Amino acid sequence: MQHPETEVRFLMKCYRRYRRAWPTRLKEDFCGGAHVAAEWVTMGDEMRALAVDHHGPTLRHAERVHAPLLEAREGDLHLVCADVREITRPQVQVIAALNFSVLIYHDPASMLAYLRAARRSLSPDGVLVLDLFGGPGAMHPGEQTRSCPGDPEIGIEPFDYHWQQRDYDAVSGRIDCRIHFTLADGTRIDRAFRYDWRLWSIAELTELLRTAGFARAEVWCDRYEPGRGRDGVFRPVRRMPACEDWVAYVVGVR
């Protein structure tokens with residue numbers, strides 16, 4: 001589940017590390033509800049965002065949700081229904097491919113095609129930001145439940161969010177994941193979302209970024225503190241200690 005404001009602040013922090021400036025132009029690939037792109041635009045009058053997704057119904061829902069912003073900032077937020085690899089103009093300073101979206105590519109050829117298209121979409125000072133998850137825990141079937149408070153202001157009651165890792169194939173690296181919900185009245189919504197992903201390693205992805213022509217590929221992760229868990233502060237690293245589960249950002253610098 002995304003927290004758009006946190007994601008946008010990380011994207012800005014990441015870009016500033018490499019370019020010593022603040023970016024204004026974003027492309028959100030695999031945008032779904034386009035919440036990151038919308039949050040980006042609200043950060044200032046000079047901010048512009050392009051949000052791309054191939055699923056028409058989801059994008060139409062995003063248009064309804066963000067209708068006030070689309071009207072108030074006409075021309076600053078564009079929603080496009082297309083394969084993300086086909087939209088390479090206008091060039092942007094930051095591409096965000098989050099929510100583990102690049103895991104839809106199951107083989108090196110298709111992943112490389114995406115990374116090359118992303119590089120073409122970037123201006124000469126641009127960066128591509130991806131996220132990954134992994135570790136031995138990611139390969140084990142199981143289900144985790146988190147209670148969410150809801151949002152009374154928009155009529156969403158408290159609910160439980162269930163993340164299920166249903167199956168993992170060690171030969172192909174493919175993982176079958178599902179999201180289910182339990183509502184406040186006890187109603188359970190099974191298979192609200194289903195993901196057929198490949199668990200790419202960080203090493204595989206950084207090598208493909210370099211093959212695609214990126215000048216640098218860098219990994220950002222948070223720090224694990226024994227007895228306290230992860231600190232939630234993502235920073236560039238050269239090494240990552242082995243742990244049961246991890247989430248990391250991989251950044252390609254054009």
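Predicted model: local features only at pLDDT ≥ 70, side-chain atom pairs only at ≥ 80, totals over all residues.
View 1. The buried residues of α1 pack against strands β1 (25-29), β4 (92-97), β5 (122-134), β10 and β14 (246-253), and against helix α2 (35-42). Buried in α1 are E7, V8, F10, L11, M12, C14, Y15 and Y18. The helix covers residues 4-19; at 1.5 Å a residue its 16 residues should span 22 Å, and the end C-alpha atoms are 22 Å apart, which agrees. R20 follows α1 and has a positive phi, near 55 degrees.

**View 2. The open sheet of eight strands.** The strand order is β3-β2-β1-β4-β5-β14-β10-β13, and the pairing is mixed. β3 (77-81) and β13 (235-237) stand at the edges; each has a single partner strand, so one side of each lacks a neighbour in the sheet. On average, neighbouring strands are turned by 25 degrees against each other, direction ignored.

**View 3. Helices lying across the sheet strands.** α1 lies across β1, β4, β5, β10, β13 and β14, and runs at about 125 degrees to β5. Helix α5 (residues 108-121) lies across β1, β4 and β5, at about 145 degrees to β5.

**View 4. Pairing of β10 with β13.** Three bridges join β10 and β13 in the antiparallel sense. W220 has P236 of β13 as its bridge partner.

**View 5. Surroundings of D222.** D222 lies in the loop between β10 (216-221) and β11 (224-225). With a relative accessible area of 8%, under the 20% cut-off, D222 counts as buried. Its side chain makes a polar contact of 2.7 Å with the side chain of R230. A polar atom of the D222 side chain also lies 3.4 Å from the backbone nitrogen of G232. Beyond four places in sequence, D222 touches residues including D231, V233, F234, R235 and V247.

How values were computed:
Residues numbered from 1 in each chain as written. Heavy atoms only, no water. Helix = DSSP H or I, 4+ residues; strand = E, 2+ residues; numbered from the N terminus. Buried < 20%, exposed > 50% of the residue type's maximum accessible area, 1.4 Å probe, protein only. Polar contact = N/O pair within 3.5 Å; in protein donor to acceptor, adjacent residues only side chain to side chain. Contact = heavy atoms within 4.5 Å. Expected span 1.5 Å × (residues − 1). Pairing = 2+ DSSP bridges. Axes fitted to C-alpha atoms, helices over the stretch in contact; angles between N-to-C directions.
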